[in-house]
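Open the model in your viewer and keep the selection panel at hand. The stops below go from one chain-to-chain contact to single side-chain pairs.

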2 protein chains.
Amino acid sequence: MKIFTESDIRSFIKLNKEVIHIIEDAFKQLVINQVVMPPIMRIDVKENNGEVDVKSAYIPNKDFFAIKVSSGFFYNYQLGLPSANGFMMLISTKTGEPKSFLLDNGYLTEIRTAAAGAIAAKHLAKEAVTTVGVIGTGAQARYQMRALKLVRDYKEIRVYGRLESNVQKFKEEMEAALHITVIPASSPEEVVKLSEIVVTTTPSKSPIIKSEWLHPGLHITAMGSDAEDKQELEGAVIAKSDRYVCDSKAQCLRLGELHHAVREGQMNKAYPVIELGEIIAGKSPGRINDHEVTVCDLTGTGVQDTAIALYAYHLLESFETIGMTVDNHKQLTVM
Amino acid sequence: MKIFTESDIRSFIKLNKEVIHIIEDAFKQLVINQVVMPPIMRIDVKENNGEVDVKSAYIPNKDFFAIKVSSGFFYNYQLGLPSANGFMMLISTKTGEPKSFLLDNGYLTEIRTAAAGAIAAKHLAKEAVTTVGVIGTGAQARYQMRALKLVRDYKEIRVYGRLESNVQKFKEEMEAALHITVIPASSPEEVVKLSEIVVTTTPSKSPIIKSEWLHPGLHITAMGSDAEDKQELEGAVIAKSDRYVCDSKAQCLRLGELHHAVREGQMNKAYPVIELGEIIAGKSPGRINDHEVTVCDLTGTGVQDTAIALYAYHLLESFETIGMTVDNHKQLTVM
């Protein structure tokens, strides 16, 4: 079995067009292939404000599938530690044997999540986009803006964050990295009203975006909500949009924005929900004109994890000097 | 992070009274403590006759909890490989960080499962037992008989298996290991009628034990059924028993013998089901006389996995020369 660490993985796996293509294909497999994607396993550790998710998906005819463990422990900052942790395992689909551990500390999740945002924009945003908005200033906000730049050649970012110092850091980093202008906004409303694409990247538990802020041509990608109690859009945002798309209907009905829209009585469960993979597979159109308001609801799926893990493994495996081989039957010596 | 392999683990972790005590406490925690035990995640790989289960449980006030991946790929024998694989991970309940990988290839599952069988017999079998029966001749049949010997000083085993050569091997090994007599039986019926305790250890998909074979004083532990389609007891066995006990009510209603008894109309869901932990915690009696017929339905629980993984980790950790330390942030060198 091969073990790779965060440093190995960060050195060789980058957020680029190839990764976007890999994740796009994963969403397509979900629709055209007999992918086995079980419900997310969740373990809450309430006494330490922690949550652990296990995700997985088996894509037929692939050599391996991934099981991913990811956690968020929100008191970790008190210990000077990042709140997020995570790793992926690749299991042989021929024999069930574990083949690789990717100890990425959540890095692969960041890039497969950002790739999904780019894919949503690719199919649902207007072709010509000058201004994009982002709500949230964390690592995923940065990755989303980087990924978006690979599919739309935008010129400026309107950003809203609660802490001015974080907004300033975001501005400096993104302007240097992407050669665009970053303009801090005084409210989420300002971001939404002035942008053609808006990405929400927060762990919010109450809706941030209101339906009265929607305007023709707007595309929103809400990627923060990945648990029952998280919500970034009020239900009416989905109800009033012209085209609502999600990563996985089953998952979004349980823990995405859709589930809140249903709960609020804005939608019913029979509403014809489009999955991102259906658009990629050509079974449903993406945006059809420059006036539509489109919304994409991303909860993060096991099939993305299997796709990114397979991609990372095959790339890392090709460099023989990377990683560590462990015979899981033999005694180990101390390093 | 610390990594231990099968060889490390087999050398130091043995099936003994301490392990039985550890697993007994785990069942008790399930009843007296706020254990978080999510439903089993299952990934079926039908094209290769494979199945992968993920189990987990968080026991409050423990430093770590386990996530276990276990698989059965039933064409593996064609490749000269064992069908079962598996490993456990320990995650910090303080920070969510991965702390250890126990690459046991299913060994810890074997012993925590056997321990559960011994615990069932300890509380539900008669005190004085001469003859025990086992249906199945695989590794778990052996572990069950070893574990049972730690709680009941039986003198002979009646064994039934479909392959005579396997029965013969079982007989030789068990007679040498346990200093008892092993007598092959010509049918499951013979095993049940002549034994005071019967353990079923098969992956059967149709019932093996019939209710007309039950006799006063009999205790049955059915540990084979761990999936919806597996069944070792006809529903009437549970319905006609005086005391039916299971490891987890929620799990047994979904995939244990209980679920078949309900499906067959022999039981209804309102039937007062006793969990093993309730007996251990003193909330419900075990066997109350030598005439009762008792049944214990074991599906295998995440709380057993967390308990055995914690036990193994702390024991292995105490030997500083065992295992391998990996910094999951730093680059790894090839071994």
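Start where chain A meets chain B. Across this interface the rule finds 22 residue pairs in polar contact, both residues at pLDDT 80 or more. A polar contact is a pair of N or O atoms within 3.5 Å; within protein, one must be able to donate a hydrogen and the other to accept it, and residues adjacent in sequence count only if both atoms are side-chain atoms. By class, the side of chain A that touches chain B has 33 nonpolar, 21 polar and 11 charged residues. Here Ala, Val, Leu, Ile, Met, Phe, Trp, Tyr, Cys and Pro count as nonpolar, Asp, Glu, Lys and Arg as charged, and the others, Gly among them, as polar. The salt-bridge count between chain A and chain B is 0. A salt bridge is a side-chain nitrogen of Lys or Arg within 4 Å of a carboxyl oxygen of Asp or Glu.

A word on the model. It is predicted: local features need pLDDT of at least 70, side-chain atom pairs count only at pLDDT 80 or more, and totals for chains, interfaces and linings use all residues. Residues are numbered from 1 along each chain as its sequence is written, chains are lettered from A and ligands numbered from 1 in the order in which they are written, and side-chain values use heavy atoms, with hydrogens and water left out.

Stay at the interface. 65 residues of chain A are in contact (heavy atoms within 4.5 Å) with 65 residues of chain B. The two chains bury about 5,100 Å² between them, 64% of it on carbon and sulfur atoms. Buried area is the accessible area (1.4 Å probe) that two parts lose on being put together, summed over both. Select Met41(A), Gln331(A) and Leu332(A): in chain A they lose the most area to chain B, together 12% of what that side buries.

Now color chain A by domain. Domain 1 covers 2–108 + 303–325, and domain 2 covers 126–300. These bounds come from an automatic or database domain assignment. About 1,600 Å² is buried between the two domains, with 68% from carbon and sulfur atoms. Show Leu15(A), Phe27(A) and Val31(A): they supply 31% of the area that domain 1 buries against domain 2, more than any other three residues.

Which salt bridge crosses between the domains? The rule finds 1. Zoom to Glu51(A) and Lys230(A), where the closest N and O atoms are 3.6 Å apart. Next, select α2 (17–32) and β3 (50–57) of chain A; each supplies at least two residues of the side of domain 1 that touches domain 2. Helices (H or I, at least four residues) and strands (E, at least two) are DSSP runs, numbered from the N terminus. The largest share of that side, 8 residues, comes from α2(A).

Move to Lys126(A), in the loop between α3 (107–124) and β7 (131–135) of chain A. Is this residue buried or exposed? Lys126(A) is buried, with a relative accessible area of 16%. Buried means under 20% relative accessible area, exposed over 50%, partly exposed in between (1.4 Å probe, protein chains only). The Lys126(A) side chain makes a polar contact with that of Glu196(A), at 3.1 Å.

Finish in chain B. Glu292(B) and Arg243(B) meet in a salt bridge (2.9 Å, N to O). Both residues are buried. Then pick Glu51(B) and Arg42(B), another salt bridge at 2.9 Å, N to O. Glu51(B) is buried at 14% relative accessible area, whereas Arg42(B) is partly exposed at 21%.
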